[in-house]
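This report is an introduction for a reader who has not seen the structure before. Please look at the sequence and the model below, then read on.

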Amino acid sequence: MSKYQRKVLVSTSAGIALENMDIMFLSFSLSTIITTFGITGTQAGFISTITNLGMLVGGIIFGILADKYGRVKVFSQTVIIFSVASLLMFFASNIYLVYLFRFIAGIGAGGEYGACMSLISETFSKKHLGRATSTAAIGAQVGAILAAVLASFIIPLLGWKMLYVIGVIPVLLVLDIRRGLKEPASFTQNHNDKQAGKFSLLFADKQTAWQTIGLSLMVTVQIAGYFGLMNWLPSIMQKQLHLSVSGSSLWMISTILGMCLGMMTFGTVMDKLGPRLAYGVFLICSAASVFLIVLAHDKWTLLGAAVIVGYFINGMYGGYGAIISSLYPTSIRATANNFIMNVGRAIGGFSSVVIGFLMDHYSLMTVIIFLSVIYLVSLAVMLTLPGLKKMYEQKEVLPQQ
């Protein structure tokens with residue numbers, strides 16, 4: 001990598017890490033928020049839902065703006081929005097203000113992804129793009145670890161509101177972004193394109209429309225599997241298999257380690273062998289590996305299973321930025337990234353509710369079969385997208401800054 005490419009990758013990875021850190025704060029502060037405001041579980045669950053809705057709204061708005069006015073400008077603006085919204089949580093005096101501030105935070109967080117992935121794709125050559133976007137996506141897992149560590153220290157000593165004050169730190173990143181990054185050459189050359197940010201182009205013809213819908217379905221499965229694993233595996237450990245785990249930190253670190261290793265492997269495989277083979281292998285292995293959770297018989301084998309499952313089900317996440325950026329032109333690249341990813345987040349986030357229902361009324365095996373089937377559905381959808389087959393036939397070397 002050139003010095004500038006390293007700068008882009010570090011900046012985008014840091015932005016994604018700090019955004020996910022802020023989003024993950026909710027997981028660790030939810031129980032104390034319930035106690036503070038005396039709310040029901042349903043009211044508490046709506047905090048996450050409204051955050052996801054904010055991400056969808058922000059994704060559409062800022063995707064269009066990034067295609068019209070610049071990736072770097074929008075990147076820095078979205079960081080400021082979710083940082084300020086996080087700080088405002090300190091002043092939340094009732095649950096309705098919590099809803100408002102998390103919706104605003106979601107707008108900023110949802111808008112960042114497309115700007116980051118477009119900036120990376122227009123800075124790196126296609127032959128290295130899978131590894132570049134996967135490396136940036138690992139930042140999300142780093143953010144989850146930061147959230148866990150900070151929550152364990154801050155909440156017991158200073159309370160849950162002080163945790164969100166930490167969320168204002170990403171504003172400092174904006175100073176570095178604005179000083180060190182510039183708009184990619186491919187964007188500036190198309191800056192006056194009248195088609196820039198035109199949302200309808202995502203559905204311009206039947207093939208493009210199915211491509212957009214199909215990729216949205218694949219991301220929905222991706223997010224559904226991720227939230228299913230992250231939210232429910234600790235409960236499965238303790239209740240369904242009658243195992244004792246000393247806190248959730250060991251499980252979280254093991255799972256995230258598997259996810260990070262999976263992302264790095266997937267990016268390399270996709271760059272070398274193309275997206276169809278990479279996604280095909282990982283989706284089949286995801287459908288099979290979830291059964292390891294049922295076969296585990298003690299704490300250590302279940303932790304090992306979590307690493308393997310995490311490796312496959314979240315290894316694919318970083319590849320979406322690469323394939324979406326390659327399949328859509330510069331004029332709608334950020335719009336496509338944000339729309340597809342945030343539709344997947346909004347719908348896939350409901351997987352926790354579905355899995356909870358299956359756990360209540362059926363069995364662990366039913367949950368595992370459900371997860372396995374949705375990965376096979378994603379595989380079937382992927383095989384119908386002709387753009388993936390052609391994507392790496394010509395590995396165009398993009399201009400480097």
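## Salt bridges

The structure holds five salt bridges. The model is a predicted one. Side chains of opposite charge can pair when their charged atoms come close. In one of the salt bridges, the side chains of Asp67 and Arg71 meet at 2.8 Å, N to O. Asp67 and Arg71 are both buried.

A salt bridge also joins Arg333 to Glu122, and their closest N and O atoms are 2.8 Å apart. Arg333 belongs to helix α15 (residues 333-348) and Glu122 to the loop between α4 and α5 (129-158), so this pair ties together parts that are 211 residues apart in sequence. Arg333 and Glu122 are each buried.

A salt bridge is likewise found between the side chains of Asp271 and Arg131 (3.1 Å, N to O). This pair links distant parts of the chain, with Asp271 in helix α10 (residues 249-273) and Arg131 in helix α5, 140 residues apart. Asp271 has a relative accessible area of 2% and is therefore buried, the cut-off being under 20%. Arg131, at 27%, counts as partly exposed. Through salt bridges that share partners, Asp67, Arg71, Glu122 and Arg333 are joined into one network.

## The chain as a whole

The secondary structure consists of 18 helices and zero strands. The chain has 401 residues, and 57% of them count as buried. Among contacts with a separation of 6 or more, 85% are between residues 24 or more positions apart. The chain exposes about 16,100 Å², of which carbon and sulfur atoms supply 68%.

In soluble globular proteins, nonpolar side chains tend to be buried together. Here the largest nonpolar core has 107 residues, and the members that touch the most others are Ile120, Leu215, Tyr279, Tyr320 and Tyr328. At least three residues of this core come from each of domain 1 (1-180) and domain 2 (199-400).

What does Ile120 touch, not counting residues up to four places away in sequence? Its partners are Val8, Leu9, Thr12, Leu129, Ala132, Thr133 and Ala136. Tyr320, another of the core residues named above, is part of helix α14, where it is buried. Helix α14 (residues 319-327) is mostly covered, with nine of its nine residues buried. Among them are Gly319, Gly321 and Ser325.

Arg102 is in helix α4 (residues 95-121). Is Arg102 buried or exposed? Arg102 counts as buried because its relative accessibility is 1%, against a cut-off of under 20%. Leaving aside neighbours within four places in sequence, the residues in contact with Arg102 are Asp22, Ile23, Ile47, Thr51, Ser86, Met89 and Tyr164.

Ala14 is part of helix α1 (residues 3-37). With 24% relative accessibility, Ala14 counts as partly exposed. Ala14 and Pro170 are 156 residues apart along the chain, and 8.6 Å separates their C-alpha atoms.

Phe199, Phe203, Trp210, Ile213 and Leu217 make a nonpolar surface patch of about 410 Å². One of these residues, Phe199, sits in the loop between α8 (185-189) and α9 (206-240). Phe199 is partly exposed, and its relative accessible area is 30%.

Technical notes
Residues numbered from 1 in each chain as written. Predicted model: local features only at pLDDT ≥ 70, side-chain atom pairs only at ≥ 80, totals over all residues. Heavy atoms only, no water. Core = buried A, V, L, I, M, F, W, Y, C linked by side-chain atoms within 4.5 Å. Buried < 20%, exposed > 50% of the residue type's maximum accessible area, 1.4 Å probe, protein only. Domains from an automatic or database assignment. Contact = heavy atoms within 4.5 Å. Patch = residues over 30% accessible without salt bridge, like charges linked within 9 Å, V, L, I, M, F, W, Y side chains within 5 Å. Areas by Shrake-Rupley, 256 points an atom, 1.4 Å probe, with all protein chains shown as cover. Salt bridge = Lys/Arg side-chain N within 4 Å of Asp/Glu carboxyl O. Helix = DSSP H or I, 4+ residues; strand = E, 2+ residues; numbered from the N terminus.
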